[in-house]
Amino acid sequence: MRYFLIAGEASGDLHGSNLIRGLQAEDPEAVFRCRGGELMQAAGAELADHYREGAVMGLTDVLGKAGKLLRSLRDCKRDIAAWRPDVVILIDYPGFNMKMAKWCHARGIRVFWYIAPKTWASRAGRNRRLKAWVDRLFIIFPFEVPYFTEQGVPFIYKGNPLVDAVDTHEFVRPVEGRYIALLAGSRKGEIKRMMPVLMAAADRLSALPGWEDVRFVVAGAPARSEADYAPFIAGRQKVSLLFGRTYDVLRYADAAVINSGTASLEAVLTGTPQVVGWNASPLVVWIGRHVLRVMDHVKFISLGNLCLGREAFRELVQEAFTPEAASDEVRRLVEDTPYRERMRSDYAEIRRLLGGSGASRAVARAMIEEIRKGA
């Protein structure tokens with residue numbers, strides 16, 4: 001069968017690559033084409049277009065890249081029409097993929113959506129479109145099961161593929177000595193907002209007695225370059241930047257300060273004590289609070305805390321994300337052993353809730369069964 005996959009950011013590229021391997025194992029004759037990244041390409045998909053230039057966050061980013069996004073949508077539609085896949089698999093990235101779902105459905109092309117849009121957090125009206133345009137939703141979080149059941153959106157849940165991605169990684173210590181991991185997100189906008197706070201927090205920690213030998217390692221995001229981080233790191237001798245080593249950077253860190261997102265759940269699975277920091281442009285925050293009313297529906301912004309239903313680790317959101325608050329929490333993570341061990345105990349419970357290994361292949365098997373049933 002012919003599979004066309006669409007991902008719009010680094011985490012989608014990762015999950016898409018593991019899904020491709022699962023589909024290959026279940027369907028040896030499978031052929032893949034994608035709008036994705038290097039990981040999906042390395043897994044065996046022909047890369048039609050890279051997600052890098054289309055990755056956006058928030059209204060201001062969308063407006064700034066409107067022309068590129070429209071061209072990307074047009075090109076993606078033309079490519080699918082010419083390639084004639086048996087199914088289009090949309091991976092997260094709802095702003096782009098919702099438009100693709102509508103277009104594919106109107107032309108009788110089967111649509112699967114892997115990693116559901118977060119309609120449980122905001123924009124619940126999208127559930128009507130999911131029901132209308134998507135043949136099957138493949139969800140990856142346990143708390144989504146009751147939600148999408150109540151919404152009446154057909155779904156399949158086979159666990160979370162991140163468990164396999166982390167557990168099969170061959171870990172190698174990235175640097176010698178003690179260090180704190182810093183993860184600023186994968187988008188340019190996130191990096192610009194996160195890095196000043198992270199660097200100021202690092203400066204505060206470096207000045208503490210007993211912290212003279214502690215370094216700070218920034219895990220560079222896929223599809224980003226050294227130039228994205230250089231203005232913030234310049235002149236700081238204790239700060240290093242590493243690309244392509246996120247799991248290693250997390251695993252051996254004394255603690256981590258992490259932008260809310262996939263990396264926070266990766267820290268759970270690597271056992272790394274963490275504090276989550278998140279800030280966005282004032283316009284995005286205003287829309288989220290007063291128009292979408294995000295915080296009316298969701299108590300936490302981190303996937304691990306959402307899975308657990310309570311706070312396993314602190315979240316410093318918007319005004320609360322300051323160098324003082326971040327550095328104070330890192331210090332507690334490192335110096336307060338009972339506090340750190342309680343967090344790791346909660347991590348074990350989150351891991352249990354995410355299910356066992358083999359999620360990518362289980363999802364692949366379920367997708368093939370759905371295609372055959374509809375043939």
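**Exercise 1.** Find the side chain with a polar atom 3.1 Å from the backbone nitrogen of L39, and describe the surroundings of that residue.

*Solution.* Step 1: the polar atom belongs to the side chain of D13, at 3.1 Å from the L39 backbone nitrogen. A polar contact is a pair of N or O atoms within 3.5 Å; within protein, one must be able to donate a hydrogen and the other to accept it, and residues adjacent in sequence count only if both atoms are side-chain atoms.

The model is predicted: local features need pLDDT of at least 70, side-chain atom pairs count only at pLDDT 80 or more, and totals for chains, interfaces and linings use all residues. Residues are numbered from 1 along each chain as its sequence is written, and side-chain values use heavy atoms, with hydrogens and water left out.

Step 2: D13 sits in helix α1, residues 10-26 (helices are DSSP runs of H or I, at least four residues, and strands runs of E, at least two, numbered from the N terminus).

Step 3: D13 is buried, at 3% relative accessibility (buried: under 20% relative accessible area; exposed: over 50%; partly exposed: in between; 1.4 Å probe, protein chains only).

Step 4: leaving aside residues up to four places away in sequence, D13 touches A7, G36, G37, E38, L39, M40 and Y51 (contact: heavy atoms within 4.5 Å).

**Exercise 2.** Locate Y93 and state whether it is buried or exposed.

*Solution.* Step 1: Y93 lies in the loop between β4 (87-91) and α5 (94-106). Step 2: although not a glycine, Y93 has a positive phi of about 50°. Step 3: Y93 has a relative accessible area of 9% and is therefore buried.
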